[in-house]
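Open the model in your viewer and keep the residue selection panel at hand. The stops below are meant to be taken in order.

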Amino acid sequence: MKTKNLFKQAFQFKETNCTIIADGESAINTAASSIKHHRKQLEKYIQTHPKFLYSLQPVPADKGPRIVRLMAEASEKANVGPMAAVAGVLADLAVEDMALAGSEVAVVENGGEVSAFSNQPIDIALSAGDSPLSKQIGFRLEKFPIGVATSSGLFSHALSFGEAEAVTVFAVNAGVADAAATAVGNLIKGDDCREAVERGIKEALGIEGVRGVFILYKGIVGTAGQVPQLIRVST
């Protein structure tokens, strides 16, 4: 199948930093509007439900706006705080809106978490800070929709209690991937690197909605489940 020319644009709104890829310029605007809308709804909800912002445990939210409910569902599956899923859920909602508007290629990368729906393969790079593999290898996404998220205990700005260079989770959506990557990343620590990686793999595959996992810890690489084709990334 011949690939289409794609549009790519960076987008920032407050702390949200995204890269949006689509098969039409109008879809870029759709994604940006979606992110603004849902982020504003989340901020309004947090004003009256501050626990949702600070909790490191799941928080029920049956009556909140859709972004809140999706974050709560993802965090419940991974047994982490709801904010662990915020970047992924924002990306999922934007991709959903792009698809509803007619896009056949809709990819949103939000702070390293990726939500993608596409009729052609999409390549993404692994970002793991100062690791020799960072931005040298990546994954070719070919089965959609898919969510991808990476957690790092060494290089990420996000909260992690682990020490892995990278825990990359592939899931049914980016919200689940985001929450799961945080949960698994928290477990990757200690001197027995292989045992830590095995522990992380077991945890990942036990989370509903997770399809596969890639873990990089002190030079040890572990993969399990449905991990997309590994590729070399040209820089």
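**Before starting**

This is a predicted model, in which local features need pLDDT of at least 70, side-chain atom pairs count only at pLDDT 80 or more, and totals for chains, interfaces and linings use all residues. Residues are numbered from 1 along each chain as its sequence is written, and side-chain values use heavy atoms, with hydrogens and water left out.

Helices (H or I, at least four residues) and strands (E, at least two) are DSSP runs, numbered from the N terminus.

**Stop 1: two helices**

Select helix H1, residues 25-48, and helix H3, residues 66-78. Two packed helices are described by the angle between their axes and the distance between the axes. Here the axes come within 8 Å and cross at roughly 80°. H1 is therefore roughly perpendicular to H3. The axes are lines fitted to C-alpha atoms, for helices over the stretch in contact, and angles run from 0 to 180 degrees between N-to-C directions. Angles under 35 degrees count as roughly parallel, over 145 as roughly antiparallel, 65 to 115 as roughly perpendicular and the rest as oblique.

Now show side chains. H1 contributes His38, Gln41, Leu42 and Tyr45 to the contact, and H3 contributes Ile67, Val68 and Met71. Contact means heavy atoms within 4.5 Å. Of the residues in this contact, five are nonpolar, two are polar and none is charged. In this count Ala, Val, Leu, Ile, Met, Phe, Trp, Tyr, Cys and Pro are nonpolar, Asp, Glu, Lys and Arg are charged, and the others, Gly among them, are polar.

**Stop 2: aromatic rings**

How many aromatic pairs does a search of the whole structure find? The search finds three. Rings of Phe, Tyr and Trp (its six-membered ring) pair if their centres lie within 6.5 Å; planes under 30 degrees apart count as stacked, over 60 as edge-to-face and the rest as tilted.

Tyrosine 45 and phenylalanine 52 are both buried. Buried means under 20% relative accessible area, exposed over 50%, and partly exposed in between (1.4 Å probe, protein chains only).

Next select phenylalanine 139 and phenylalanine 214, with ring centres 5.5 Å apart and planes at 80°, so this pair is also edge-to-face. Phenylalanine 139 is in strand S6 (residues 137-141) and phenylalanine 214 in strand S9 (residues 210-217), 75 residues apart, so the pair links distant parts of the chain. Phenylalanine 139 is buried at 1% relative accessible area, and phenylalanine 214 is buried at 2%.

**Stop 3: backbone points**

Most residues other than glycine have a negative phi, and most peptide bonds are trans.

- Phenylalanine 144 and proline 145 are joined by a cis peptide bond, with omega about -5°. Proline 145 sits in the loop between S6 and strand S7 (146-151).
- Asparagine 79 has a positive phi, near 60°. Its loop runs between H3 and helix H4 (86-100).
- Lysine 218 has a positive phi, near 50°. Lysine 218 is in the loop between S9 and strand S10 (220-225) and is partly exposed, at 47% relative accessible area.

**Stop 4: single residues**

Select isoleucine 122, in strand S5 (residues 122-125). Isoleucine 122 is buried, at 7% relative accessibility. Not counting residues up to four places away in sequence, isoleucine 122 touches Leu6, Val105, Val107, Phe139, Arg140, Leu141 and Phe144.

Move to leucine 53, in helix H2 (residues 51-54). Leucine 53 is partly exposed, with a relative accessible area of 31%. Beyond its neighbours within four places in sequence, leucine 53 is in contact with Ile46 and Met83.

Then go to alanine 179, in helix H5 (residues 174-187). Alanine 179 is buried, with a relative accessible area of 0%. Leaving out residues up to four places away in sequence, alanine 179 touches Ala74, Ser75, Ala78, Val80, Ala84 and Ala85.

**Stop 5: cysteines**

Select cysteine 18, buried at 4% relative accessibility, and cysteine 193, buried with a relative accessible area of 14%. The structure holds zero disulfides, a disulfide being a pair of cysteine sulfur atoms within 2.5 Å.
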